[in-house]
Amino acid sequence: QVHLVESGGGLVQAGGSLRLSCAASGRIFSVNAMGWYRRAPGKQRELVAEITSGGSTNYADSVKGRFTISRDNAKNTVALQMNRLKPEDTAVYYCVSKTVLTSTGIADYWGQGTQVTVSS
């Protein structure tokens, strides 16, 4: 079984920074993409950023130039550096590992979420 543990959420003032981290553990053979989604109150979950095992990245337009995603393939960890935060970035952020190959098959795995609150 694969477990994702997130850390780094919290409360920050607008213009500030936070760094989210996520570690996937278990009998993992390989992971395709890792990334972050978020769900703001009253809104649907949306992609924030993701990164493939080859290092290709994809960002939501709303975070381009402010957020940076990085990954350590050997440790199955992913991080999201969030700078110049805005109140509209307030949401629960979820880590995801996509197309994870284990001894039992292939699946996507999600973390429990970490709250990010940006005050104005």
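Is G55 buried, partly exposed or exposed? G55 is partly exposed, with a relative accessible area of 41%; buried means under 20% relative accessible area, exposed over 50%, and partly exposed in between, with a 1.4 Å probe and protein chains only. The residue lies in the loop between β6 (46-51) and β7 (57-59). G55 and T68 are 13 residues apart in sequence and 12 Å apart in space, C-alpha to C-alpha.

The model is predicted, so local features need pLDDT of at least 70 and side-chain atom pairs count only at pLDDT 80 or more, while totals for chains, interfaces and linings use all residues. Residues are numbered from 1 along each chain as its sequence is written, and side-chain values use heavy atoms, with hydrogens and water left out.

Consider the strands next. Strands of a sheet pair through backbone hydrogen bonds, either parallel or antiparallel. Here, strands are DSSP runs (E, at least two residues) numbered from the N terminus, and two of them pair if DSSP finds at least two bridges between them. An open sheet is formed by four strands in the order β1-β3-β9-β8, with antiparallel pairing. Because β1 (3-7) and β8 (67-72) stand at the edges, each with a single partner strand, one side of each is left without a neighbour in the sheet. From one strand to the next, the twist averages 15°, where axes are lines fitted to C-alpha atoms and angles run from 0 to 180 degrees between N-to-C directions.

Six bridges join β8 to strand β9 (residues 77-82) in the antiparallel sense; the bridge partner of R71 is V78 in β9. Strand β10 (residues 91-102) and strand β11 (residues 105-110) are also antiparallel, paired over five bridges. A hairpin of two residues joins β10 to β11, and L101 has I106 in β11 as its bridge partner.

The interior can be described through its nonpolar core, a set of buried Ala, Val, Leu, Ile, Met, Phe, Trp, Tyr and Cys residues joined through side-chain atoms within 4.5 Å. The largest such core has 30 residues, and W36, L80, M82 and Y93 have the most contacts inside it. At least two residues of this core come from each of β3 (18-25), β4 (28-31), β5 (34-39), β6, β8, β9, β10 and β12 (114-119).
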